[in-house]
Protein chains: 2
Amino acid sequence: MKKVSESTVGRLSLYLRLLKEAEEQGILTVSSEELARRSGTTAAQVRKDLSSFGSFGKRGLGYSVSDLIAELRSILGLERTWRVALVGAGRIGAALFGYQDFRRQGFHIRAVFDSDPHKIGQQWDELVVRSDAEIEKVVREEEIDIAIIAVPESAAQRVVDRVVQAGVRGILNFAPVKLHVPPGVALKNVNMAMEMEGLSYALSNEGRSRRQNSTKEGE
Amino acid sequence: MKKVSESTVGRLSLYLRLLKEAEEQGILTVSSEELARRSGTTAAQVRKDLSSFGSFGKRGLGYSVSDLIAELRSILGLERTWRVALVGAGRIGAALFGYQDFRRQGFHIRAVFDSDPHKIGQQWDELVVRSDAEIEKVVREEEIDIAIIAVPESAAQRVVDRVVQAGVRGILNFAPVKLHVPPGVALKNVNMAMEMEGLSYALSNEGRSRRQNSTKEGE
DNA sequence: TTGTGTTTGTGACGACTTTCACAAGGCGGT
DNA sequence: ACCGCCTTGTGAAAGTCGTCACAAACACAA
């Protein structure tokens, strides 16, 4: 179990989803070859990724689907539930709140914040949208692990500083800015504007350097 | 102008945003050092990224903010507008439709599709939500360049095949699946579930390998 | 015009990631 | 129990990406 790259973790997450699919199809065992085909990588890549965490396969046979699912869930920390706060009750916040996959994966939204007086007090399922003035108090009370930042970019860094101060150790950021967090806090960015610009670049330069759309068939 | 990696393009997009900010602050010139500070990379990285496209700076001085903005807009293909179709009028689709940044960057949504009879016919600003049966016809008529896929994973690949068939050359995918597109079509994925699992991994393994949160301070 | 100070552009280096290739291991048939 | 076939796990090679360090270029001052 050496150092593991971010891309490896990303692929594990993908393998996990594919394995669940396979399980539903009644498949009991998969080879690295088969997983590679489904995930769009190579068999060697699959084996390397898995082998950074242990020897889960049987030579000559492949991997047991159910065993590997269990291993991956354990590696990714998905056996427990995570307590999540959603900061920003705008359109993106609302979309994320309704995203059922989160709950299914064990990410439970325990609090929603906004600064808009019109939003504060609204009932969202079993939760009430709370004033962002209460962030520190509620984050501590609810023992929030992860904060989802869905506020305008101008407010993002301030919100992050506050939730981190209140004990949050993971941030999923939807604001198109570069956030700064202290060591020990994990930060992931989802930047739709950037992805669109990547597409714009790829489409503008078709025919030129043949590699511009390396995302194709890649993750 | 050699081969350019995806990460380079991502950073260019970031530089562009930061330069606009600087321009609003009345700054006329920036050094690679300054851009690095703002973007969280290194000066050498900034210079390498820019130099893959040309020599935009003046030695001893730095880069002209307005010139560099123009160059980056040109490189990223943002001087024109792109015609976009949104497939899926659910929560995510609605959130994206309302995301003003897209329009500001020149990405104009010209069509919205859904398969739900309750949604079809709804008025969304100046657009009417159309039946997904009309995808081929409308995509061709409206000369759509880019499709945003905001449908359930079970429908995603089918939708992609159809829009590609109808002439779309860029896909922004929000469904948590690995899509397959023919060569010449650019594909970008936004996978929130995967990012959350990355956070879960990082939080589960704190203290272990010190590098788990390399996203921190990174992109 | 010459000198000083600053910052770019880039080849060389180092770190990290992916691919390759094969020995080691395990199953099934005879 | 042995043989043949298949697939894993992994060191080594290839490739990609980021960092370093410095010569080249330019502004400005005297």
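Predicted model: local features only at pLDDT ≥ 70, side-chain atom pairs only at ≥ 80, totals over all residues.
In total, 29 residues surround DNA strand D, and the closest of them are Ser55(A), Gly57(A), Gly60(A), Ser5(B) and Gly60(B). Looking at secondary structure, the elements that give two or more residues to this surface are, from chain A, helix H2 (32-39), helix H3 (43-51) and strand E3 (62-64), and, from chain B, H1 and helix H3 (43-51). By class, the surface near DNA strand D has 14 polar, 8 nonpolar and 7 charged residues.

Let me turn now to the contact between the two protein chains, which takes 63 residues from chain A and 61 residues from chain B. On the side of chain B that touches chain A, at least two residues each come from helix H1 (6-24), helix H5 (91-97), helix H6 (100-104), strand E8 (170-173), strand E9 (186-189) and helix H9 (192-204). H9(B) gives the most to that side, with 13 residues, and the residues of the side as a whole divide into 27 nonpolar, 18 polar and 16 charged.

Finally, the core. The largest nonpolar core has 135 residues, and those that touch the most other members are Val87 and Ile149 of chain A together with Val87 and Ile149 of chain B. To take one of these, Ile149(B), and leaving aside its neighbours within four places in sequence, its contacts include Val87(B), Gly88(B), Ala156(B), Val159(B) and Val160(B), and also Ile171(B), Leu172(B), Asn173(B), Phe174(B) and Ala175(B).

Terms used: Residues numbered from 1 in each chain as written. Chains lettered and ligands numbered in written order. Core = buried A, V, L, I, M, F, W, Y, C linked by C-beta atoms within 7 Å. Buried ≥ 20, exposed ≤ 12 C-beta atoms within 10 Å, placed from the backbone. Contact = placed C-beta atoms within 7 Å. Helix = DSSP H or I, 4+ residues; strand = E, 2+ residues; numbered from the N terminus. Nonpolar A, V, L, I, M, F, W, Y, C, P; charged D, E, K, R; others polar. Near = placed C-beta within 6 Å.
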